[in-house]
Amino acid sequence: MMGRRGDVQDRLFYSFNLDGHLPGDHLLRGIDQVLDLGDLHAHLGPFYSHTGRPSIDPELMIRMLIVGYCFGIRSERRLCEEVHLNLAYRWFCRLDLEDAVPDHSTFSKNRHGRFRQSDAFRHVFESVLRRCMSEGLVGGEGFAVDASVIKADANRTRGVPGAEATAQFNGVVTRAVREYLDGLEEHNPSGGDDDDPPEPPAPGKNVSLTDPAARWTAAPGGPAFYAYSTNYLIDLDAGIIVDVEATPAHRTQEVESTKIMIDRVEQRFGLKPDRLVGDTAYGVAPMLGWMVQDKGIAPHVPVWDKTERKDGTLSSTEFVWDEQTKEYRCPQGHALLSERRQFTKPRERDAQADVTYRASQHDCTGCPMKQQCCPNTPARKIRRSVHEDSRNVARALATTAQYKQSRRDRKKVEILFAHLKRILKLDRLRLRGLTGAHDEFLLAATAQNLRRMAKRFFERRQGTVLVPAWRA
């Protein structure tokens, strides 16, 4: 017999419990157990007035943003709609059925105002990282570093040559443009008479009129576009992100950001890795010198080496270096020297400049191996990096079993980038400017750490009754 609902009469009273409608294994339950925003109000206190109408609770907005980044809800307008409709999102944000959801414009005002001034997203990221450390998910012995390119919110057709960019910005007052011009002024201040100001960073070949801080770049075989790079420093034990830095999509700036992240993690958390894992981009001589000589970190990084010749002539590796006499010896036993006579006044050398070692033209002219060594020049010369000792340390480590394991562990950071773009949907930014990229990358990294910690939480407490931390 087919059933049929009778006339429905509205109830006068309802008994409804949000907690009872949320599954015990829901991701937000695990995140709620490990997320602690108790000190957020104290951190943001100096940025709010002590008088006037009370604002929307900043913890509510942070929780809503975490929901958006955890579940790939990129639009703030759609995020407000989803929180309004989804019971699990309401439960996580501490909203009852009758509570109003903040307007999407509130997020913009706070993101570009109090949150940015107070660096609130960095504060939340570090709070989550401290919880990861207390849960034993961060070992601190081995770190891995890498960068991934994320498209900027800029039309690739709205660009001008770098030399013409500043003139095009006259009268433009957007936030991204002001930030870019302020950065140029900071690097090249006007009106200083004491010393010559430092040279400003060279503008890119193509500068966006919408987001000038973004870098014009292209993947091999693909079209060029404006982009930023998110730089991850992760711990290799559980793949927890210990720091993140936003840079324009430029290899040199990506490599330099590693120094910033390692120094910041050491300063704020007392963590310094014994080994650092990276790809060949991080194997340049200055970076290896910084790791080995300045920080005492074992570089599990392939050496960026261009010494091997491809024309069949002798490479520099076939010349023997004598550490005592500071000279090279060719296969015929002739010396290659940096200086062939004593100067009354020693020549000044740049401490960071490579040193060139040259053979005697007399030795090379009659040498039977000249056609194999230097067929197109009168004498052979070799440029030796001032960080060559550090490069040799990296070469020696590349032969160890631990190095091979490090190469396998480096996949963990690649997995995080794939998760960032495919699951969290962060393949294109919504905020503009370097600070906008900084905010988005911090929130995304926070969401990834929370998701991973929540997963470990369920694995450790499988079969037990879960009580939300805020109700315990």
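The legends below describe several close-up views of one predicted protein model.

In this predicted model, local features need pLDDT of at least 70 and side-chain atom pairs count only at pLDDT 80 or more, while totals for chains, interfaces and linings use all residues. Residues are numbered from 1 along each chain as its sequence is written, and side-chain values use heavy atoms, with hydrogens and water left out.

Figure 1. Helices (H or I, at least four residues) and strands (E, at least two) are DSSP runs, numbered from the N terminus. Of the 472 residues, 44% count as buried. Buried means under 20% relative accessible area, exposed means over 50%, and partly exposed lies in between (1.4 Å probe, protein chains only). The protein exposes about 26,100 Å². Carbon and sulfur atoms supply 49% of that area. Accessible areas come from the Shrake-Rupley method with a 1.4 Å probe; for residues, only the protein chains shown count as cover. Contact means heavy atoms within 4.5 Å. Among contacts between residues at least 6 apart in sequence, 69% join residues at least 24 apart.

**Figure 2. Helix H1 (residues 27-34) is largely enclosed by the rest of the structure, because seven of its eight residues are buried.** The buried residues are Leu 28, Arg 29, Gly 30, Ile 31, Asp 32, Gln 33 and Val 34. Their cover includes helix H3 (58-70), helix H5 (87-92), helix H8 (120-134) and helix H18 (433-460). Take Arg 29, which is found in helix H1. Arg 29 has 8% relative accessibility, so it counts as buried. Arg 29 and Trp 91 are 62 residues apart in sequence, yet 9.3 Å apart in space, C-alpha to C-alpha.

**Figure 3. Aromatic rings form eight pairs across the whole structure.** The rings of Phe 115 and Phe 121 have centres 5.6 Å apart and planes at 70 degrees, so this pair is edge-to-face. Rings of Phe, Tyr and Trp (its six-membered ring) pair if their centres lie within 6.5 Å; planes under 30 degrees apart count as stacked, over 60 as edge-to-face and the rest as tilted. Both Phe 115 and Phe 121 are buried. Elsewhere, ring pairs link Trp 321, Tyr 328 and Tyr 357 into a cluster.

**Figure 4. Arginine charges sit over the rings of Phe 92 and Tyr 48.** Arg 63 lies over the face of Phe 92, at 4.8 Å from the ring centre. The charged end of Arg 114 is 4.2 Å from the centre of the Tyr 48 ring. A charge sits over a ring if NZ of Lys or CZ of Arg is within 6 Å of the ring centre and within 35 degrees of the ring normal.

**Figure 5. Helix H11 (residues 251-269) holds Phe 269 and Ser 257.** Phe 269 has 14% relative accessibility, so it counts as buried. Leaving aside neighbours within four places in sequence, Phe 269 is in contact with Glu 126, Leu 129, Arg 130 and Met 133.

Figure 6. Of its 30 lining residues, the closest to the centre are Thr 307, Ser 316, Ile 382, Arg 383 and Arg 384. Strand E13 (381-384) and helix H15 (388-397) are the elements that give two or more residues to this lining. On a 1 Å grid over the protein atoms alone, a pocket is an open set of points with protein on both sides within 12 Å along at least five of seven lines, and a cavity is a set where a 1.4 Å probe fits but cannot get out; lining residues have an atom within 4 Å of a point. Grid points are joined across faces, edges and corners, and a volume is the space filled by probe spheres set on the points.

**Figure 7. The largest cavity holds about 110 Å³ of space.** Of its 15 lining residues, the closest to the centre are Cys 330, His 334, Cys 364, Cys 367 and Cys 373. Helix H13 (361-365) and helix H14 (370-373) are the elements that give two or more residues to this lining.
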